[in-house]
Amino acid sequence: MTTDTATLVPTGKASTGDNLLIDPYDRHVSYLRVSVTDRCDFRCVYCMSENMTFLPKSDMLSLEELDQLCSAFVNRGVRKLRISGGEPLVRRNIMWLFERLGRHLDTSALEELTLTTNASQLERYATALYDAGVRRVNVSMDTLNSDKFALITRWGKLDKVIGGIEAAAAAGLKIKINAVALKGVNDDEIHDMVSWCGERGFDLTFIEVMPLGEIGGKARLDQYWPLSMVRAELKKHWTLNDIDDSTGGPARYVRVGETGERVGFITPMTHNFCESCNRVRLTCTGTLYMCLGQEDAANLRAPLRENNEALLMDAIDEAISRKPQGHDFIIDRRRAAPSVSRHMSVTGG
Ligand code: SAM
Ligand code: SF4
């Protein structure tokens, strides 16, 4: 679909032709993001408050149940799985899930198994991830300055993260760095980040801060830095050549003439990317969110625990039939509260 969101017309009830998941706007849902835990060893200022209340462990699906749910989606035509969190690599025994899901790569049912991580545990797991079939990893790192890194993540150590990134590169994983653009925080570093990534052959994606969940402290309005301004700043130093590349996500890419690497922009606030949305998000409690920016969700844990495949498939179909046209994010001065009450760590970023 290349139509603008404003012109998307529902085609009626979601159809499941050829067993695929097609939503009411004729978008094929082929991408599942899974938050395997809402816990994290960092407390990034735009993501979490310092004192978070996490889900009781008893509410969480077991790794076996997560495998069952992911596999149900793969059987229905999902081609790409991204494991996220919270911090996915702090979940106990998480490699079991990667290894298990790797079987879908062997049969080619799945095109890609990947993860988004803060890299704090990557040094330990990089080789095992590669062996499980992971080939690409997104690492979130908003600054190259260790003091600033400590301020942004509250609990993180930059050298550990860099060590994780180096281990991942050495293991053969392709790396993309994600950086949230934060006004007054990392705005003086964007050129250094382009150079740093360029020298190492990493893609770099900038993300606009989104109004998800209460974070306490500094208001998001103060952090928000539109990527149109980031791009304008980058253009002063770099040759940005527009390219059509898509990694199946919402980022728009340019190739930097001087480094040859790609820089992406994810602009949920200034540019609505919903028209081509092919994804849904599963939480560690088995709740399926059809849109990152809406509250509507479906409970898949109940049908999963009935141990009845038909019931589970019906619940998935019913959920996809409710996938909305797009999100309603707003950051403005009249709204102090977040647009969406749950944190990104619940839905998996
Ligand atoms: N812990 C892992 C990490 O940080 O990569 C995975 C989960 S984290 C929630 C996924 C992504 O969401 C990170 O790149 C993070 O920067 C981003 N993120 C979290 N809260 C955000 C917000 N309010 N607005 C924009 N991006 C956010
Ligand atoms: Fe943790 Fe990732 Fe959220 Fe930072 S962005 S607090 S690393 S889940």
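What you see is a predicted model, where local features need pLDDT of at least 70, side-chain atom pairs count only at pLDDT 80 or more, and totals for chains, interfaces and linings use all residues. Residues are numbered from 1 along each chain as its sequence is written, chains are lettered from A and ligands numbered from 1 in the order in which they are written, and side-chain values use heavy atoms, with hydrogens and water left out.

**The overall fold**

- The protein's secondary structure comes to eleven helices and twelve strands; helices (H or I, at least four residues) and strands (E, at least two) are DSSP runs, numbered from the N terminus.
- Of the 349 residues in the protein, 58% are buried. Here buried means under 20% relative accessible area, exposed means over 50%, and partly exposed is in between (1.4 Å probe, protein chains only).
- Take the contacts (heavy atoms within 4.5 Å) between residues at least 6 apart in sequence: 71% of them join residues at least 24 apart.

**The core**

- The largest nonpolar core holds 99 residues, and those with the most contacts inside it are Leu32, Phe98, Ile165, Ile177, Phe206, Leu234 and Leu288.
- Helix α1 gives this core its largest share, seven residues.
- A nonpolar core, by the rule used here, is a set of buried Ala, Val, Leu, Ile, Met, Phe, Trp, Tyr and Cys residues joined through side-chain atoms within 4.5 Å.
- Leaving aside residues up to four places away in sequence, Phe98 touches Ile83, Leu89, Leu113, Thr114, Leu115, Leu129, Ala132 and Val134.

**Helix α1**

- Helix α1 covers residues 63-75, and its 13 residues reach 18 Å from first C-alpha to last, close to the 18 Å expected at 1.5 Å a residue. That expected span is 1.5 Å times one less than the number of residues.
- Ten of the 13 residues in α1 are buried, so the helix is mostly covered.
- The buried residues of α1 include Leu63, Leu66, Leu69, Phe73 and Val74, along with the charged-type names Glu65 and Asp67.
- Asp67 sits in α1 and counts as buried because its relative accessibility is 5%.
- Asp67 touches Trp96, Leu97, Arg100, Leu101 and Arg103, not counting residues up to four places away in sequence.
- After α1 comes Gly77, with a positive phi near 95°.

- The disulfide count comes to zero, a disulfide being a pair of cysteine sulfur atoms within 2.5 Å.

- Arg301 belongs to helix α9 (residues 301-305) and is partly exposed, at 23% relative accessibility.
- Arg301 and Glu65 are 236 residues apart in sequence, yet their C-alpha atoms are 8.7 Å apart.
- Arg301 also touches Asp59, Leu61, Thr285 and Gly286, not counting residues up to four places away in sequence.
- Asn278 lies in the loop between β9 (262-266) and β10 (279-282) and is buried, at 16% relative accessibility.
- From Asn278 to Val78, 200 residues apart along the chain, the C-alpha separation is 9.6 Å.
- Glu166 is in helix α5 and counts as exposed because its relative accessibility is 52%.

**Positive phi without glycine**

- Ser108 has a positive phi of about 65° although it is not a glycine. This serine lies in the loop between α2 (94-106) and β3 (112-117) and is partly exposed, at 48% relative accessible area.
- Arg154 is not a glycine either, and its phi is positive, about 65°. Arg154 is placed in the loop between α4 (146-153) and α5 (158-170) and is partly exposed, with a relative accessible area of 25%.
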